[in-house]
Amino acid sequence: MFFRLKHLYSPKNQPLMAGYEASPVKTFCGKMLTMNGMLRILMLLGMAAMGAELKAQALYVGSGENFYISSNTQLYIASGETQIASGGTLTVNGTYSTKGDFTNSGSIASSAGVIEFLGTSQNVSAGGASLKTVTIGSTASVTLTSALNIPGGTGSGTLTVSSGGTLNANGYLTLKSDASGTGRIGEGSASGNYLTGNVVVERYIPARRAFRILSPSVTTTSSIYANWQENGATNSGLGTHITGSSSGSNGFDATSSGNPSLFTHNNSTLTWTAVANTNATTLTAGSPLRLLVRGDRTVDLTKSAPTPTVTVLRATGTVGQGDITVSNLNQTADAFSIVGNPYPSSVNMASVLAAATNVNSNYYYVWDPNMNTRGAYVTVSLSTGSNSVGSAANEYLQAGQACFVKTVSAGSASLTFKESYKGSSNTNTFKTLPPLSSLNLRLYQSDSLAKGKMPVDAVLLAMDPGYNMSIDQSDALKAANQDENFAIETDGKLFSVQCLSIPADSQVLDINIQRYRDTKYTFKADFSGDLGMDVFLFDQFKKQYHAIKANDITLISMDVVAADTNSTAKNRFQLVFRTANSNGVENRDKVATVVSPNPIRSNDWMVQGLRVSMAGTLLLESSNYKVVNQLGRVVSAGNIQAGGRIRIQENLAAGLYFVQIQGVHLTTIPVLVVE
């Protein structure tokens, strides 16, 4: 269905509309009214079903009028001006396209529609409107002459400058940010230069006193003080204090200690350095900064623990745009480097790292201020777009956020942020099949778990025949936290994620936990898949084995005695894997195999043979036994008669051993501790 609406309105506000033409015409469900002697279309209803396209030379919406464009309907203004008078409303649920100048003195409701500016040398006076979806055409050259907001919120707004088009923001464009979302700029030309003039970019920060690792989305000519510190103004919900001086010199907010709260990072030396001043230092798009955010500028700095508040950090400058290469990465094997998102849009890091040079493409690391007490690093697995700690971090690096990446081997390393990597266009590109089995082990302060809070840290163990047992780029090195640091230790290195082949019988993995700050903790183990083995968490301090249930959640409590170095030892815990019983015997009741004494302190000990109850009948089985150390070497072996016991006199070195006892219907592997 095609409608051509002739002159709706002339630039001189003369009623030029003579009527409308329709070819073919079945039904016109619009409402055409005469107001002040002028014909104006106020409602275009029912067009959605017909997929209508309407054309006109100009549009005027008077006071008290509501011009409505329904979904699946497009209104195209060919050349003339669009004016929305004070008290008038333009409601766009479909698409509104215009080549002429655009002036809004009323209101625009477009949360469900698209507004396109397609003109050459087109002036747009949005009048402070919030427009959710705005497109600048590929041949358009548009200049803003009054405020235009791209809203945040759920399903936040997007401004897109099509390749070949240009927008002069002229200081009038603001990307809004709130608790539910942040306005963004969509994919533009890879060569950049499609958006000129200053833009105001907001970043909402929740109420939590914690460091944030930020990346400005704009390059400013004015100072950090003029931007994130709001020029010293104290307005609720805006800006933050930045400290570094007891007197308030150099643009800093004065505190009694003068401790700094803003830092830059040097990838070559892997060090953080306090910023020297905020009244002369500017912001650069994509240059990371570590900032302690206490809240907005109403927070009382004279108090030792003031209540944090929500705030919005605002910065005004030219946006990061075009494909941007980052080459200042550390050139040492396995070294971490920080990189910042230069765009006012989320970026798919799976795409960025897949095309990077000498950078691990499997993982990246973000600082989540919601973790633990002061925040913690989260390892994001880019094959799944997920993490092991329950953080909201995924494969998308958010606008205003920086992250760490890891160099693979010695030599130059680089990556490129590309316009085509913006947004969610590559959501499923890098997804892979999950491993055969996985063990997600999270560490909580016990009271935090009871209150439903985040864990202090976590590790993930992925097990699949497709992996190998050696360390490679599928394993994620651990980024050290300020507080509790929880990792898997292999060959002297700490890992937040390890991908292994199916563990061997009696294999042990060392757990490394440092910086306990509490006395009561709980492990939450989520073991999924079909490993075909039993898994235990072994507490070397208490000599206790805790079975981890398969395809279930297991909670294991632990106490920490600060004065006892064995209790706080970083290697207190181990993961132990033992071959599961798989002979298919049902309804059996294993009489506990006796290894006594246990732990042993001499070379004289005893093993009881297997007893199996089947259908009420007790079977005494002849058994074979072997004693295996943690390296998998058999140090003793022999036979046990049915129902009998055997005395073993072996001089074993102190450590952990597995006593595999195998009968006809059952195999069991008790653990022996030699002190």
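1. Where in the chain is the place of Ser506? Ser506 is found in the loop between strand 46 and strand 47, and, in what is a predicted model, this residue has a positive phi of about 75° although it is not a glycine. Most residues other than glycine have a negative phi. Ser506 has a relative accessible area of 4%, and because the cut-off for a buried residue is under 20%, Ser506 counts as buried.

2. Asp491 is located in the loop between strand 45 and strand 46, two strands that form a hairpin with two residues between them. With a relative accessible area of 70%, Asp491 is exposed, whereas Ser506 is buried.

3. Strand 45 (residues 485-490) is largely enclosed by the rest of the structure, because five of its six residues are buried. Strand 45 pairs with strand 47 (residues 508-514) in the antiparallel sense over five bridges, and strand 45 also runs antiparallel to strand 46 (residues 493-500), to which three bridges join it.

4. For the chain as a whole, the secondary structure consists of four helices and 63 strands. Of its 675 residues, 51% count as buried, and the accessible surface comes to about 27,900 Å², with 47% of that area belonging to carbon and sulfur atoms. Among contacts with a separation of 6 or more, 63% are between residues 24 or more positions apart.

5. The largest pocket holds about 990 Å³ of space and is lined by 41 residues, of which Arg203, Tyr204, Gln398, Ala399 and Gln401 lie nearest its centre. Strand 22 (181-182), strand 25 (199-205), strand 26 (210-214) and strand 37 (363-368) are the elements that give two or more residues to this lining, and the largest share, four residues, comes from strand 37. By class, the lining of the pocket has 17 nonpolar, 19 polar and five charged residues.

6. A search of the whole structure also finds three cavities of 30 Å³ or more. The largest cavity contains about 140 Å³ of space, and, of the 13 residues that line it, Val201, Arg203, Pro216, Ser217 and Trp228 are the closest to its centre. Strand 25 and strand 33 (311-319) each give two or more residues to the lining of the largest cavity, with the largest share, three residues, coming from strand 25. Eight of the lining residues are nonpolar, three are polar and two are charged.

7. The second largest cavity has a volume of about 50 Å³, and its lining includes Tyr377, Asp457, Lys478 and Ser496. Strand 38 (376-381) and strand 43 (457-463) are the elements that give two or more residues to this lining, and strand 38 gives the most, with three residues. The lining of the second largest cavity has four nonpolar, four polar and two charged residues.

Technical notes. Residues numbered from 1 in each chain as written. Predicted model: local features only at pLDDT ≥ 70, side-chain atom pairs only at ≥ 80, totals over all residues. Heavy atoms only, no water. Buried < 20%, exposed > 50% of the residue type's maximum accessible area, 1.4 Å probe, protein only. Pairing = 2+ DSSP bridges. Contact = heavy atoms within 4.5 Å. Areas by Shrake-Rupley, 256 points an atom, 1.4 Å probe, with all protein chains shown as cover. 1 Å grid on protein atoms, 1.4 Å probe; cavity = no way out; pocket = protein on both sides within 12 Å on 5 of 7 lines; lining within 4 Å. Points joined across faces, edges and corners; volume = space filled by probe spheres on them. Nonpolar A, V, L, I, M, F, W, Y, C, P; charged D, E, K, R; others polar.
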